[in-house]
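Open the model in your viewer and keep the selection tool at hand.

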Amino acid sequence: YVWLAPQIIAFARRPGLDESEAMDVVQETMSKVFEMLATGMYHRRDGVKFRTWVFSIVRFEIHRAFRR
């Protein structure tokens, strides 16, 4: 979380989200990441890097933030 949160915030701010919305994206992303890890939905052996997988979730959450 410590190394991912600042990267997620910066990424979420680029398309125009404010600080509060970017923090919401971090919270929603991390919640989904932990939930999906607990249910075994990420496997390194599938060939997808962890950071790539996380940022696919971030992109989804950014789109959700703009729809609100």
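Accessible areas here come from the Shrake-Rupley method with a 1.4 Å probe. For this chain, which is a predicted model, the accessible surface comes to about 4600 Å². Carbon and sulfur atoms hold 57% of that surface.

**Stop 1: the whole chain**

Show the chain as a cartoon. How many helices and strands does the chain have? There are 3 helices and 0 strands. Follow the sequence and you read the pattern α-α-α. The radius of gyration is 12 Å, close to the 11 Å that the globule rule gives for 68 residues, so the chain is as compact as a globular protein of that length.

Now switch to the C-alpha trace. Along its principal axes, the trace spans about 35 × 20 × 20 Å. Of the 68 residues, 31% count as buried.

**Stop 2: F11 and F55**

Next, look for aromatic rings. The chain has 4 aromatic pairs. Select F11 and F55, which form one of them.

Where do the two residues sit in the chain? F11 is in helix 1 (residues 5–13), while F55 is in helix 3 (residues 50–67). They are 44 residues apart, so this pair links distant parts of the chain.

Is F55 buried or exposed? F55 is buried, with a relative accessible area of 6%. F11 counts as partly exposed, because its relative accessibility is 23% and the cut-off for buried is under 20%.

**Stop 3: R51 over a ring**

The charged end of R51 sits over the F55 ring. It lies 4.6 Å from the ring centre.

**Stop 4: Y42, F50 and W53**

Select Y42, F50 and W53 together. Ring pairs link these three residues into a cluster. Zoom in on Y42 and F50. Their ring centres are 5.5 Å apart and their planes lie at 80°, so this pair is edge-to-face.

Which of these two is buried, and which is partly exposed? Y42 counts as buried, at 14% relative accessibility. F50 counts as partly exposed, at 27%.

Conventions
Residues numbered from 1 in each chain as written. Predicted model: local features only at pLDDT ≥ 70, side-chain atom pairs only at ≥ 80, totals over all residues. Heavy atoms only, no water. Phe/Tyr/Trp six-rings, centres within 6.5 Å; stacked < 30°, edge-to-face > 60°. Helix = DSSP H or I, 4+ residues; strand = E, 2+ residues; numbered from the N terminus. Buried < 20%, exposed > 50% of the residue type's maximum accessible area, 1.4 Å probe, protein only. Lys NZ or Arg CZ within 6 Å of the ring centre and 35° of its normal. Rg over C-alpha atoms; globule rule 2.2 N^0.38 Å.
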